Amino acid sequence: MVVDPLAEGYLAEGLVTDDAAHVTYLAAVGEMIPLASKSVDLVLTDNCLDHVREPARVTREMARILVPGGYLWLLVD
């Protein structure tokens, strides 16, 4: 699953390749991820935190949705 506030635009503009057709795209902001707590095994974020309004809130949301023992892959440019 991809959570991105621009997800609908990516799909509408045909920017999602056929290789990613099986991926669910969810239009949402990182400060309010509409997923259940402790429901995700892996959170991968690349070049994200410098583009959000409230980085601390986004990191709290990532921690909230991760299962105990889940993984966070955080890349910052």
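Helices and strands here are DSSP runs, numbered from the N terminus, a helix being a run of at least four residues (H or I) and a strand a run of at least two (E). On that basis, lysine 38 falls in the loop between β2 (25–26) and β3. The structure is a predicted model.

**Backbone positions with positive phi**

- Most residues other than glycine have a negative phi.
- Lysine 38, although not a glycine, has a positive phi of about 55 degrees.
- With a relative accessible area of 57%, lysine 38 is exposed, because the exposed class begins over 50%.
- Asparagine 47 is likewise not a glycine and has a positive phi of about 55 degrees.
- The loop between β3 and α2 holds asparagine 47.
- Asparagine 47 has a relative accessible area of 29% and is therefore partly exposed.

**Threonine 45 in strand β3**

- Strand β3 spans residues 40–46 and includes threonine 45.
- Threonine 45 is counted as buried because its relative accessibility is 7%, and the buried class lies under 20%.
- Apart from neighbours within four places in sequence, the residues in contact with threonine 45 are Met62, Trp73, Leu74 and Leu75.

**Salt bridges**

- Side chains of opposite charge can pair when their charged atoms come close.
- Two salt bridges are found in a search of the whole structure.
- One of the pairs joins glutamate 54 and arginine 57, whose closest N and O atoms are 3.5 Å apart.
- Glutamate 54 is partly exposed at 39% relative accessibility, and arginine 57 is also partly exposed, with a relative accessible area of 29%.
- Glutamate 61 and arginine 64 form a salt bridge through their side chains, with an N to O distance of 2.8 Å.
- Helix α2 covers residues 55–65, and glutamate 61 and arginine 64 are three residues apart in it, so about one helical turn separates them.
- Glutamate 61 counts as buried at 12% relative accessibility, whereas arginine 64 is partly exposed, with a relative accessible area of 27%.

**Points to locate in the structure**

- For the side chains, they are the pair glutamate 54 and arginine 57 and the pair glutamate 61 and arginine 64.

Technical notes. Residues are numbered from 1 along each chain as its sequence is written. This is a predicted model: local features need pLDDT of at least 70, side-chain atom pairs count only at pLDDT 80 or more; totals for chains, interfaces and linings use all residues. Side-chain values use heavy atoms; hydrogens and water are left out. Buried means under 20% relative accessible area, exposed over 50%, partly exposed in between (1.4 Å probe, protein chains only). Contact means heavy atoms within 4.5 Å. A salt bridge is a side-chain nitrogen of Lys or Arg within 4 Å of a carboxyl oxygen of Asp or Glu.
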